[in-house]
Amino acid sequence: MKTEVKLYTNGKDKNIRVYVCKDYETLSKKAATIFASQVNLKPESVLGLATGSSPIGMYKELIKMNKAGEVDFSKVSSFNLDEYYPLEETNEQSYRYFMNQNLFKDINIDISRTHVPNGNAADIEKEAADYDKAVADAGGIDLQVLGIGGNGHIGFNEPDSTFVLPTHVVNLKEDTIKANSRFFATIDDVPKRAISMGIGTIFAARSILLVASGKGKAEAIKATLEGNPDPMVPASVLKLHSNVYFVIDEEAASLLEEYKPE
Ligand code: F6R
């Protein structure tokens, strides 16, 4: 794996480790190794999870590792980043459904300790406040997995989001609705709102693992790593975090100039 994964640095931001991987499969394996190490070091880890295409390969690797006895999820708890609103969890486009299908059903996690915001809550503002309280009661997030939008969003925190927000209800931007419509029968079926951990909730995680693959992410990755922290690029807040891993493929890294292989 050595030559397939290269550590990129910019010579100053030692809090950020950027692993550039040959391809998506290598990226998925590298990300799974980081994730599994967290669980092996602390079996009762509180894990922050993401949906979307980016972490699917990592989840597949983790399923294999779990079946091979290399990682045990029996004591962990998890909190997902976000959910559409309004949407029932039984809907096949819900993020709860996604997590059950792509990870939870195939690993030895206690499903009662998995949390996804309830996109069908009668009082959605209360759901948001209760969600942050549940994260805090669990002891805070040890490792938060993130993908990144082509516009730099993390969770459903779109450009121009306030960096300090807790979990809250968001109106989705047109480009996010369009990007996510690939999973729905028609664009009109995509919910226009969501409940999402805020950047404040995400930033409070003790460590962060962002996975990104493909040319469509290259500009957002460059703006995040090489620009100044800027609410117009929500992921750029991560530059200020003390413990972040970026695990990205060569295409996503293709516009980096300041970050170079060590
Ligand atoms: C998913 C999430 C989103 C995605 C992002 C990238 O829970 O919160 O921010 O991580 O939209 O999506 P993919 O990985 O499908 O490109």
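Let's start with the rings: this model holds six aromatic pairs, where a pair means rings of Phe, Tyr or Trp (its six-membered ring) with centres within 6.5 Å. Planes under 30 degrees apart count as stacked, over 60 as edge-to-face, and the rest as tilted.

**First stop: Y84 and Y95.** Select these two residues. Their ring centres are 4.9 Å apart and their planes meet at 50°, so this pair is tilted. Y84 belongs to strand β5 (residues 82-85) and Y95 to helix α3 (residues 95-102), so the pair ties together parts that are eleven residues apart in sequence. Helices (H or I, at least four residues) and strands (E, at least two) are DSSP runs, numbered from the N terminus.

A word on the model before moving on: it is predicted, with local features needing pLDDT of at least 70 and side-chain atom pairs counting only at pLDDT 80 or more, while totals for chains, interfaces and linings use all residues. Residues are numbered from 1 along each chain as its sequence is written, and side-chain values use heavy atoms, leaving out hydrogens and water.

Are Y84 and Y95 buried or exposed? Y84 has 1% relative accessibility and counts as buried; Y95, at 12%, is buried too. Buried means under 20% relative accessible area, exposed over 50%, and partly exposed in between (1.4 Å probe, protein chains only).

**Second stop: F184.** Y84 sits in strand β5 and F184 in the loop between α5 (174-180) and β9 (193-196), 100 residues apart. Both Y84 and F184 are buried.

Show the strands β5, β9 and β8. They form an open sheet in the order β5-β9-β8, with antiparallel pairing; two strands pair if DSSP finds at least two bridges between them. Which strands are at the edges? They are β5 and β8 (168-171), each pairing on one side only.

**Last stop: charges over rings.** A charge sits over a ring if NZ of Lys or CZ of Arg is within 6 Å of the ring centre and within 35 degrees of the ring normal. Select R17 and Y245: the charged end of R17 sits over the ring of Y245, 4.1 Å from its centre. Then select K30 and Y19, where the charged end of K30 sits over the ring of Y19, 4.2 Å from its centre.
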